[in-house]
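Please open the structure in a viewer and keep the selection tool at hand.

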Amino acid sequence: MKNNIIIQIITRLLFPFIQLFGFYVIMHGESGPGGGFQGGVILGASVILYVIVFGIDEGRKLISEKTNDILNCTGVLIYGGVGLLCIIAGGKYLEYNILPLGSVHFASHMGMLGIEIGVGVTVSAVMITLFFETARQGK
Amino acid sequence: MKTTYLFVVLITGIALAYGTIDMPNFGDPQAPANHHVAPRYIEKTHEETGVDNMVTSVLASYRGYDTFGETTVIFTAGICVILLLRETRDNKKKNRRKKGVRS
């Protein structure tokens, strides 16, 4: 699809909005439909669309192999890290109420947001990995 | 032999279909599944977790450990794909050698 100017322009136009929507779905998980898994998939899909339209080499410029690998692990580490923070703060594993962030409800809210972000990062990075690794085989 | 298989499958199917007669109707408020922990989630989600979305409160707070496992499963899937399919320096050489042998 490298010569199709309409698809390229539309993709360039839509790309930031798809990502914005992905972030919105992740951040809005506590008060509306959505969450880390769904938002992560939307983020991954935006990059997959970009790679389909512009090719694998251009896609690798957007997100390199190394960055992708690091993001893969970062999400799980964020999730586990939030759990460990709860232990350090004196509670049980993943007991967000105990986090010292003012009110109990706010602490719980922030803890959930933290793990949603962790899930989102891992899911989006894994989606991108799956696409890159399987797409390259046909080359 | 095939008749025996058919017989076994039919008997199992009839037994399973008979079992569904005792199941509660879809969406029945008196069903056991709606009596165990569901009322607590509905009544105390906001009080105990501070968020309005019941689904997220169950996913991230009440069943947070389970979700950690799910994330790890996805992460493991990604790592396995990298291990199996990524072209490293070693297997690049190997692939080249194989091609050389063939041609």
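The stops below begin with a single residue and end with the contact between two chains.

This is a predicted model, in which local features need pLDDT of at least 70, side-chain atom pairs count only at pLDDT 80 or more, and totals for chains, interfaces and linings use all residues. Residues are numbered from 1 along each chain as its sequence is written, while chains are lettered from A and ligands numbered from 1 in the order in which they are written.

**First selection: A:Gly120.** This residue lies in helix α5 (residues 104-136) of chain A; helices are DSSP runs of H or I, at least four residues, numbered from the N terminus. A:Gly120 is buried, with 30 other C-beta atoms within 10 Å (buried means 20 or more such atoms, C-beta atoms being placed from the backbone).

**Next: the nonpolar core.** Such a core is a set of buried Ala, Val, Leu, Ile, Met, Phe, Trp, Tyr and Cys residues joined through C-beta atoms within 7 Å. The largest one has 35 residues, and A:Tyr79, A:Met112 and A:Val126 are among those with the most contacts inside it. Helix α5(A) gives the most to this core, with 13 residues.

**Finally: the contact between chains.** Select 23 residues from chain B and 30 residues from chain A, which form the contact (C-beta atoms, placed from the backbone, within 7 Å). On the side of chain B that touches chain A, the largest share, 13 residues, comes from α4(B).

Conventions:
Two residues are in contact if their C-beta atoms, placed from the backbone, lie within 7 Å. Helices (H or I, at least four residues) and strands (E, at least two) are DSSP runs, numbered from the N terminus. A residue is buried if 20 or more other C-beta atoms lie within 10 Å of its own, exposed if 12 or fewer, and partly exposed in between; C-beta atoms are placed from the backbone.
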